[in-house]
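This briefing covers a sheet with the helix across it, and then a pocket.

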Protein chains: 2
Amino acid sequence: MLYTVGEMAKKLDMPTSTLRYYDKEGLLPFVERSGGGMRMFRDEDIEWLKVIGCLKKAGMKLTDIKRFIEMAMAGDETISQRLDLIAAQRKEVEAQIQAMNQTLATLKFKEWYYTTAKQDGSTDRVRNMPSEQIPPEFWQVRAELKGDTVNQSK
Amino acid sequence: MLYTVGEMAKKLDMPTSTLRYYDKEGLLPFVERSGGGMRMFRDEDIEWLKVIGCLKKAGMKLTDIKRFIEMAMAGDETISQRLDLIAAQRKEVEAQIQAMNQTLATLKFKEWYYTTAKQDGSTDRVRNMPSEQIPPEFWQVRAELKGDTVNQSK
DNA sequence: GTACAAGTTGAAGTTAACTTCAAGTCAATG
DNA sequence: CATTGACTTGAAGTTAACTTCAACTTGTAC
């Protein structure tokens with residue numbers, strides 16, 4: 001089955017302009033052309049585009065994704081490099097998730113903070129609250145926000 | 001304790017240009033000025049800057065962060081709005097973490113894929129491998145990449 | 001009081017990843 | 001074979017969040 005750029009865009013739920021842009025940037029060396037010069041996507045190209053989407057979500061720049069695609073086009077001699085790149089990116093994403101969890105912890109503290117303040121009708125009490133009155137799961141986050149040093153695990 | 005923009009930048013490990021930019025954009029209405037017009041940061045401003053950093057990591061735009069800061073400056077009447085904003089952002093971050101985990105799953109599949117291909121010296125076998133020979137934890141991800149419909153839990 | 005590092009401002013430049021536009025071509029339909 | 005909607009291209013425009021620059025001022029150290 002062959003698809004025009006518009007059909008492929010609909011399948012992947014993205015604008016045609018993005019597909020054309022990716023092609024222009026060299027990310028889609030696998031798309032063929034009709035006699036009249038139109039892009040013809042194959043079914044298996046969907047998988048490539050989904051991989052591109054994954055790498056993008058992982059935070060890779062288009063130029064780096066391009067290099068990955070070029071490696072893949074080069075064939076089996078690049079398998080090891082591709083593995084390295086994917087493994088590095090996996091570690092990257094794991095680090096990002098860790099960072100996001102830290103951000104989440106801070107937001108949860110702030111949510112508790114404003115929930116408490118809302119009950120009081122004022123931030124006065126919660127702002128100056130001593131640690132003993134604060135749920136333990138927030139101790140770490142609050143200390144970091146305030147710049148206090150806190151007991152390190154050791 | 002008072003700090004100049006340079007001292008504060010060092011404390012927060014960010015360029016002075018960013019602090020000045022944030023100030024220009026109205027994110028730092030709390031910084032005072034010396035007689036000669038220099039920004040004087042207080043210790044408690046560090047906390048505000050860390051909160052701004054948290055909201056930025058959470059994916060908020062500077063204009064929205066500005067609105068939050070303005071609310072905080074307005075005082076206790078805005079507690080409820082601030083709570084709503086933080087709670088919404090917390091949900092946002094939870095969704096982002098979920099999405100990141102999906103991306104991670106795809107990368108892990110790809111890592112297995114290229115590890116297998118590397119052992120074979122070719123992608124041929126793994127590319128056409130039937131599901132039975134693939135570790136079950138990758139079935140879902142591979143099916144989504146290929147666009148296959150897979151058994152939904154129901 | 002002079003040097004000089006560090007501060008100030010407004011304006012312009014940068015970057016990535018698109019999007020929009022204009023002018024023209026292709027292909028399916030009746 | 002004419003219409004029309006979807007396609008083509010290169011070029012220019014957009015956006016957010018900064019960074020850099022130039023010209024000038026402030027504050028501290030000697």
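Helix H3 (residues 43-57) of chain B lies across S1 and S3 of chain B and runs at about 85 degrees to S3(B). Helices (H or I, at least four residues) and strands (E, at least two) are DSSP runs numbered from the N terminus; contact means heavy atoms within 4.5 Å; axes are lines fitted to C-alpha atoms, for helices over the stretch in contact, with angles from 0 to 180 degrees between N-to-C directions. The model is predicted: local features need pLDDT of at least 70, side-chain atom pairs count only at pLDDT 80 or more, and totals for chains, interfaces and linings use all residues. Residues are numbered from 1 along each chain as its sequence is written, chains are lettered from A in the order in which they are written, and side-chain values use heavy atoms, without hydrogens and water.

**Sheet**
- In chain B, three strands form an open sheet in the order S1-S3-S2 with antiparallel pairing (a pair needs at least two DSSP bridges).
- Strand S1 (2-3) and strand S2 (32-33) of chain B are the edge strands, each pairing on one side only.
- Two bridges join S2(B) to strand S3 (residues 39-42) of chain B in the antiparallel sense, and Glu32(B) stands opposite Met40(B) in S3(B).

**Largest pocket**
- Its volume is about 470 Å³.
- Among the 22 lining residues, Glu44(A), Glu47(A), Trp48(A), Tyr113(B) and Arg127(B) are the closest to the centre of the largest pocket.
- H3(A) gives the most to the lining, with five residues.
- The lining divides into nine nonpolar, two polar and 11 charged residues (Ala, Val, Leu, Ile, Met, Phe, Trp, Tyr, Cys and Pro count as nonpolar, Asp, Glu, Lys and Arg as charged, the others as polar).
- A pocket is an open set of points on a 1 Å grid over the protein atoms alone, where a 1.4 Å probe fits, with protein on both sides within 12 Å along at least five of seven lines; lining residues have an atom within 4 Å of a point.
- Volume is the space filled by probe spheres set on the points, which are joined across faces, edges and corners.
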